[in-house]
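Please read it alongside the sequence and the 3D view.

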Amino acid sequence: MARILLTGAAGDIGTRLRKILKPVYPQLRLSDIKEPADLSADEEFVPAELVRIEDVERAVDGVEGVIHLGGYSVEGPWETILQSNIIGCYNLFEAARRKGVKRIVFASSNHAVGFYPRHHQIGVNVAVRPDSRYGVSKAFGEALGALYANKHGLRVLCIRIGNVGDIPIDKRRLAIWLKPEDLAQLIHIGLQHPDLRFEIFYGSSWNERGWWDNHRAYDYGYRPTGRAEDYREHAMAEQAKLKPDPVGDFFQGGSFCSLEFTGDGGLVWKT
Ligand code: 15L
């Protein structure tokens with residue numbers, strides 16, 4: 001795969017990936033609503049509003065693979081999620097099909113399954129339990145990926161990203177931390193592995209207290225290099241500064257679960 005498009009290139013993860021991926025994919029094309037401030041002369045940028053399919057078609061034209069980070073990356077009002085993550089994601093897959101793109105790596109999120117309790121180990125075959133409108137949009141993106149893989153033969157990898165950063169920043173992130181280089185490793189598998197048709201992986205480094213069974217990623221050769229427990233002291237010191245959050249501390253999705261929470265948890269607390 002030579003020509004790759006990275007959407008959401010101006011965001012935090014996009015900015016990190018631009019630097020890591022450029023040596024491996026010299027013809028990396030970047031897209032976002034606005035041009036990244038530090039765009040260099042050897043970087044190609046195509047502006048695109050995901051909600052405008054003609055923009056998206058222009059962005060994907062001529063590429064073989066897409067890394068789709070674009071969209072709204074936290075909980076937001078329904079109208080925002082609808083435009084950026086539902087319509088935007090549909091436009092991305094549909095434009096890719098029309099333009100003959102071969103592979104898509106979709107940045108899903110742990111928030112597609114955030115309402116599983118932390119004491120549960122879950123694989124990728126459990127029913128989704130979104131913890132937010134944002135989480136619903138990620139589950140939607142995974143479903144679209146399966147549709148376009150099964151119906152149109154695109155090869156699709158959905159990565160349920162935990163938390164990308166230099167180090168884990170609290171107790172929850174000790175379980176879900178993803179070192180940027182490990183994310184790049186997962187992306188390479190999605191763009192290059194000959195056997196991959198449709199898969200969901202968890203985007204997690206080597207986290208001993210993690211709650212995800214990520215054996216599918218390991219089957220494809222993933223070997224994470226980041227180890228969350230190396231930063232345990234720092235993360236726990238940061239955790240001590242946070243207020244207790246009975247709902248958020250119980251569920252995997254953390255504060256995305258407690259945000260706007262008006263339920264009593266019902267059955268979900270017991271399972
Ligand atoms: C996500 O999906 C968000 O994009 C990111 O901002 C973090 O909130 C992350 O999840 C997380 O769960 O820590």
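A residue is called buried when its relative accessible area is under 20%. By that cut-off, buried residues make up 52% of the 271 residues in the chain. The model is predicted, and the values below are computed from it.

**Fold and dimensions**
- The chain contains 9 helices and 9 strands.
- Its radius of gyration is 18 Å, which agrees with the value near 18 Å for a compact globule of 271 residues.
- The C-alpha trace spans about 50 × 40 × 35 Å along its principal axes.
- Of the contacts in the chain with a separation of 6 or more, 68% are accounted for by residues 24 or more positions apart.

**Cysteines**
- The structure holds 0 disulfides.
- Cys89 is in no disulfide, and the nearest cysteine sulfur, that of Cys158, lies 8.5 Å away. A disulfide would require the two sulfur atoms to be within 2.5 Å.
- Cys89 has a relative accessible area of 1%, so this residue counts as buried.
- Cys257 is likewise buried, because its relative accessible area is 2%, against a cut-off of under 20%.

Key: Residues are numbered from 1 along each chain as its sequence is written. This is a predicted model: local features need pLDDT of at least 70, side-chain atom pairs count only at pLDDT 80 or more; totals for chains, interfaces and linings use all residues. Side-chain values use heavy atoms; hydrogens and water are left out. Helices (H or I, at least four residues) and strands (E, at least two) are DSSP runs, numbered from the N terminus. The radius of gyration is taken over C-alpha atoms; the globule rule is 2.2 Å times the number of residues to the power 0.38. Buried means under 20% relative accessible area, exposed over 50%, partly exposed in between (1.4 Å probe, protein chains only). Contact means heavy atoms within 4.5 Å.
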